[in-house]
Amino acid sequence: MIDYEKMLTKEVRELKPSGIRKFFDIAAEMKNVISLSIGEPDFKTPWNIREAGVKNLNEGATWYSSNQGMIKLRQEVCNYQKRRFGVSYHPEDECLITVGGSEGIDLIIRALVSEGDEVLIPQPCYVAYEPLVELQKGVPVIINTKPENQFRLTKEEVLEHLTDKTKLLILPYPNNPTGAVLTEKELIGISEALEGTNVLVLSDEIYGELTYEREHISAPSIGSLYERTLLIGGFSKAFAMTGWRLGYVLGPEAIIKHINKIHQYAIMCAPTTSQHAAIEALKNGSESVSKMRKEYDMRRRYLLSALSKIGLECFPAKGAFYLFPSIKSTGLTSEEFCTRLLYSKNVAVVPGTAFGDSGEGFVRISYSYSLNHLKEAISRIEEFLNELKEDKK
Amino acid sequence: MNKDILNLLESDAHLSAKEIAVMLGLEEADVAAEIAEMEKENIICGYKAVVNWEKTERQLVEALIELRVVPKPDFGFDEIAKKIMDFPEVTDVYLMSGGFDLAITVTGKSFQEIAYFVAGKISILESVVSTATHFVLKKYKNNNVIFEGESSDERRELGL
C-alpha cells in the first residue's frame, strides 16, 4: 500500500489547515444561526456588470484571453488606479490580470521567496500569506501590530524586524480582520524604514474601495514606495464580485514579466467572461460602489455604537467591512468566547486568533449583513454578555 | 431636506432619530428637528406598515385601473382626479403619460365588488371615456419589500 504521507513534500504535509474550519463546520450544522462571520459582500454583483458577463456568454466569445489578460481590461485597470488612487502603470507591461487577488499573492511570493528568505507579515491579517511563505521554505517574520496603535504597522516595528535576509514586506491594508487603515504618516514611515534596502512590498489593497471617513491611500502613491511595491487589487470586495474570481497585480515590469510566466503555466489566463464583466465594472460601476460603501458605513457606525453600548470595547475601524472588538473584559479567550456564543445564542463570530496570535482577546465581526440582521445579532450578544456577568456573581 | 434621512426612513420607518443619527454620524437633536421639519413640509407624508394581506384571513382584492378621460378647459385633469380621489375604495391616483390618462388602484373584498364599483361609480363620471380593469393576482414585491420568492443568504462560510 502506498504511504501517501511520505509522498507529500515536508512543506505541504506541515501546512496548517485554516484554523477556523472546525468552528465553521459546527456553525453550519446548527439551525437558526445568526452569522456575523462571512468575509464577502452581501450585495449581488450590480446588474449592469452581470449583464456584461451574460452578453459575453451569449455571443459565445469564450476563448482564452492573452495570458496577461485582455489589453482592454488592463487599460481600464490602469485608468482606474490613476483616477481613484493617483498611481500610474503601463497596461502593456506593468499589469497582470489574475484569478482573484489571491492568485496575485501566491505568484508574488512564489517568484520572490527562496529558502531562508524572510518575509515580514503584520498580524492580525488574512490567513494566506504565512502558509504561502512556508511553502517556499521562506521564513515568515510576524510583526504583532498593537491595539493601542489601532493595529497600524509603524516605522519602528518595521525597523525592529528588518534584517539583511528580509526580502518582502506584506502590507495588508485596509485590513482583514481588524478594519485598520494606514494613514500617510505610517506609509511615509514605512517608506523611510525601507530606504536603502532592496526589500519589496506586497501591498494587498483588495479592500481599497472600502474606507470610511477618509480616502484610501495606495502604498505606491507614497513617493519612494512606488518602485518597490507590487500592488494587489481586485473586483471581489469593491464590486461584490467574489465568485467571478478576478484580480490584478500592478508593479515594475521586471517583476511582472516573471510572475506572468508562473501565471501562464499554472492558470493560462483569468476567465474571459469575468474579464468582460470587469471592464463594465470599471467603466460604469462607480455609482454602485459608492452606494454599497455608504451602506457599509451606516452599518459600521451602527455597530460601533451598539458594541460600545453593550460594553465591548472597539476601536473605530475605518476600512473593509469588519470590526475587531476586544472581548478581554469577559475573561474568556477568543476561542472560548466564540464557541460559547455559538452554542448558547447561535451567533457566529470569528475568533481573533484565527488571524494570528496577536488576535487573542479579540473577535472579528463582519458587517456584510443587513441592518436588521446586525440588530438581532447584537441583542443576542448582549444577552450572552449579561448571562456571563450573572455567572460570575 | 436631508436625503440620507429620507432614504433610511423609506427603507425602515421604525428607525428612531437616535439610530439614524448614529448611522449618519449626525447629532440626534438635529435629526429629530430635520424629521419634524420634513413632516411639517409634507415631504414625509406618513408612516405605514407594508402588509402582506395574503397571509391573513382578510379577503382583499386589488385592481389597477386605466382611465381615459376628457380634460376640462382650465382645470385639465385635476378636477376629475380630485373627484376620483374622494372614493375611499381608491388608494392611489396617478396622472400618466402614454396610452391612457389616469391610473388608479382600487381595493375591495372581491373581484365582483371592484367590478361593480368601477361600473357604478367610475365609468359613469362625465369625463371618463373608457376604463380597463386589471386585477392583481399576486404581489411579488410591494413598496420595495419582497413578498414572494425572497432568497435566503446563499453565501458559504469560507472561513478566511
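**Chain A, overall**

I started by counting elements: chain A has 14 helices and twelve strands, where helices (H or I, at least four residues) and strands (E, at least two) are DSSP runs numbered from the N terminus. I looked up the radius of gyration next, taken over C-alpha atoms. For chain A it is 21 Å, close to the 21 Å from the globule rule for 393 residues, so the chain is as compact as a globular protein of that length; the rule is 2.2 Å times the number of residues to the power 0.38.

Before going on, I noted that this is a predicted model, in which local features need pLDDT of at least 70 and side-chain atom pairs count only at pLDDT 80 or more, while totals for chains, interfaces and linings use all residues. Residues are numbered from 1 along each chain as its sequence is written, and chains are lettered from A and ligands numbered from 1 in the order in which they are written.

The C-alpha trace of chain A spans about 65 × 60 × 50 Å along its principal axes. Of the contacts in chain A with a separation of 6 or more, 75% come from residues 24 or more positions apart; a contact is two C-beta atoms, placed from the backbone, within 7 Å.

**The seven-stranded sheet**

I traced an open, mixed sheet of seven strands in chain A, in the order E2-E8-E7-E6-E5-E3-E4. Strands pair here if DSSP finds at least two bridges between them. E2 (95–98) and E4 (139–144) of chain A are the edge strands with a single partner each, so one side of each has no neighbour in the sheet. The twist averages 20° from one strand to the next; axes are lines fitted to C-alpha atoms, for helices over the stretch in contact, and angles run from 0 to 180 degrees between N-to-C directions.

I also checked the pairing at one end: strand E3 (residues 118–123) of chain A runs parallel to E4(A), with six bridges. A:Leu120 has A:Val141 as its bridge partner in E4(A). Helix H6 (residues 100–112) of chain A packs on the sheet, touching E2, E5 (166–171), E6 (200–204), E7 (229–234) and E8 (247–250) of chain A, at about 35° to E8(A). Helix H10 (residues 253–266) of chain A packs there too, touching E2, E7 and E8 of chain A, at about 25° to E2(A).

**Cores**

Which residues touch the most other members of the largest nonpolar core? I get A:Ile108, A:Ile170, A:Leu202, A:Val249, A:Val347 and A:Val349, out of 117 residues. A nonpolar core is a set of buried Ala, Val, Leu, Ile, Met, Phe, Trp, Tyr and Cys residues joined through C-beta atoms within 7 Å. Helix H12 (residues 286–309) of chain A gives the most to this core, six residues. A second, separate core has twelve residues, among them B:Ile65, B:Ile84, B:Phe117 and B:Ile122.

**A:Ser218**

Buried or exposed? A:Ser218 has 22 C-beta neighbours inside 10 Å, so it counts as buried. I place A:Ser218 in the loop between E6 and E7 of chain A. Beyond four places in sequence, A:Ser218 contacts A:Phe85, A:Val87, A:Glu205, A:Gly208 and A:Leu231.

**Chain B**

The domain assignment, automatic or from a database, gives chain B domain 1 (3–40) and domain 2 (55–139). Their C-alpha centres lie 35 Å apart.

I see an open antiparallel sheet of four strands in chain B, ordered E2-E3-E1-E4. E2 (90–95) and E4 of chain B stand at its edges, each with a single partner, so one side of each lacks a neighbour in the sheet. Helix H4 (residues 78–85) of chain B packs on this sheet, touching E1, E2 and E3 (102–108) of chain B, at about 170° to E2(B). Helix H5 (residues 111–122) of chain B also packs on it, touching E1, E3 and E4 of chain B.

Seven bridges join E1 (residues 61–69) of chain B to E4(B), antiparallel, and B:Val69 stands opposite B:Val128. Of the eight residues of E4 (residues 128–135) of chain B, zero are buried, so the strand lies largely in the open.

Methods. A residue is buried if 20 or more other C-beta atoms lie within 10 Å of its own, exposed if 12 or fewer, and partly exposed in between; C-beta atoms are placed from the backbone.
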